[in-house]
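Open the model in your viewer and keep the selection panel at hand. The stops below say what to select and what is there.

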Amino acid sequence: MAESKRRGEDAGDERLDDDATVDGVADDDATDADETVSRGGTATRKRARADSTEGRKTRKDTERIGLFARIARFFREVVAELRKVIWPTRKELLTYTAVVVTFVAVMLAIVAGLDYGFAKAVLWVFGNPS
C-alpha cells in the first residue's frame with residue numbers, strides 16, 4: 001500500500017504521458033509542420049526557414065542602396081524616434097539639473113576630502129621630505 005502511494009512513481013508516470021504527446025499527437029508521429037505554440041514557438045519550422053531565406057533577400061537589397069540613401073534613412077529614423085520621446089517641461093528640466101549639479105558637488109567634496117586626508121596620512125607615515 002505504501003509502495004503505490006509514492007510520489008515519485010505516480011507523478012513521474014503522469015508527467016511522461018503529458019510530455020509524450022503534443023496536442024494529442026505522439027512525439028514519434030509529429031512532423032515539422034505539427035510544431036505548435038505548446039512547443040515554445042508560434043510558427044512552424046517550415047515558416048521559420050522561409051523567413052530566414054527572406055532575410056537573405058533583404059541583405060542583398062540593402063547592398064544595392066547607396067551610401068547617401070542609407071544616411072538619409074538613418075536620419076529619418078532618428079527624427080521619427082525623437083518624436084516619440086516625452087520631453088520634460090521647463091520646470092522638470094530645471095529640477096533635474098539642480099539635482100545633478102548638487103549631487104556632483106557633494107561627490108566632488110567627498111573625493112576632495114578623501115584625497116586631502118590620504119595625502120596628509122601618507123606624508124605622516126613616510127615623513128615630510130622638506
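Select residues 90-126: this is helix α4, with 37 residues. From its first C-alpha to its last, α4 reaches 53 Å, close to the 54 Å expected at 1.5 Å a residue. The model being toured is a predicted one.

Step to the residue that follows α4, glycine 127. The phi of glycine 127 is positive, near 90°.

Now colour the protein chain by secondary structure. How many helices and strands are there in the protein chain? There are four helices and two strands.

Next, select phenylalanine 74 and phenylalanine 75 and show their side chains. A search of the whole structure finds one aromatic pair. The ring centres of phenylalanine 74 and phenylalanine 75 are 5.4 Å apart and the ring planes stand at 70°, so the pair is edge-to-face; the cut-off for that class is over 60 degrees.

Keep both residues selected and switch to the surface. Phenylalanine 74 has a relative accessible area of 49% and is partly exposed. Phenylalanine 75 has 51% and is exposed. The two labels differ because exposed means over 50% relative accessible area.

Last, select the whole protein chain. Of its 130 residues, 2% are buried. The accessible surface of the chain comes to about 12200 Å², and carbon and sulfur atoms account for 61% of that surface.

How values were computed: Residues are numbered from 1 along each chain as its sequence is written. This is a predicted model: local features need pLDDT of at least 70, side-chain atom pairs count only at pLDDT 80 or more; totals for chains, interfaces and linings use all residues. Side-chain values use heavy atoms; hydrogens and water are left out. Rings of Phe, Tyr and Trp (its six-membered ring) pair if their centres lie within 6.5 Å; planes under 30 degrees apart count as stacked, over 60 as edge-to-face and the rest as tilted. Buried means under 20% relative accessible area, exposed over 50%, partly exposed in between (1.4 Å probe, protein chains only). Accessible areas come from the Shrake-Rupley method with a 1.4 Å probe; for residues, only the protein chains shown count as cover. The expected span of a helix is 1.5 Å times one less than its number of residues.
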